[in-house]
Amino acid sequence: MAPSEPETPSAPSAALPVLFEAIVSNRCITATYNGGRVVLAPHVAFARHGDAYIGAVTIERDGQPPREEKVGLFKLDGLGELAMLERTFTPSPVFDPKDERFAAATLIAVETPAG
């Protein structure tokens with residue numbers, strides 16, 4: 001039997017390539033989430049229980065910046081009208097690629113400065 005591998009996510013087929021390109025190119029995405037419009041800096045995509053999730057820093061929610069910078073987790077199926085923006089971002093110092101919430105099932109993540 002082969003070693004355990006991350007489960008293949010059952011995300012919308014069009015969203016994953018857009019998300020992966022945004023992560024690789026450090027570009028923000030926009031989407032609807034819980035009835036509002038968000039601009040996110042996606043730092044990681046990962047699988048959990050067969051579903052795709054992203055870890056992202058919220059840049060704006062309904063045109064307003066968040067009170068604090070943190071990496072929030074979003075189920076990809078919960079993000080509607082997902083699109084990549086021309087706006088770029090610098091990987092946030094609050095992002096930890098070893099975070100136990102997603103490290104074991106990471107599909108792709110931003111490159112972080114060595115240090």
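Predicted model: local features only at pLDDT ≥ 70, side-chain atom pairs only at ≥ 80, totals over all residues.
Let's start with helix α1, which covers residues 15-25. Which of its residues are buried? They are A15, L16, L19, A22 and I23. Looking down the axis of α1, you'd find these buried residues within an arc of 130 degrees, so they line one face of the helix. Here's the background: an α-helix has 3.6 residues a turn, so residues three or four places apart point the same way. And what covers the buried residues of α1? The cover includes strands β1, β2, β3, β5 and β6.

Just after α1 comes N26, and this residue takes a positive phi of about 55 degrees.

Next up is R27, which sits in strand β1, residues 27-33. Is R27 buried or exposed? Its relative accessible area is 17%, and we call a residue buried when that value is under 20%, so R27 is buried. Leaving out residues up to four places away in sequence, R27 touches E21 and A22, then P42, and then a run from M84 through L85, E86, R87 and T88 to F89.

Okay, last stop: the largest pocket, with about 240 Å³ of space. Strands β3 (51-61) and β4 (71-75) are the elements that each give two or more residues to its lining. Among the lining residues are Y33, V38, R61, E68, K70 and F74. Sorted by type, the lining has six nonpolar residues, four charged and two polar.

Methods
Residues numbered from 1 in each chain as written. Heavy atoms only, no water. 1 Å grid on protein atoms, 1.4 Å probe; cavity = no way out; pocket = protein on both sides within 12 Å on 5 of 7 lines; lining within 4 Å. Points joined across faces, edges and corners; volume = space filled by probe spheres on them. Helix = DSSP H or I, 4+ residues; strand = E, 2+ residues; numbered from the N terminus. Nonpolar A, V, L, I, M, F, W, Y, C, P; charged D, E, K, R; others polar. Buried < 20%, exposed > 50% of the residue type's maximum accessible area, 1.4 Å probe, protein only. Contact = heavy atoms within 4.5 Å. Arc of directions from axis to C-beta.
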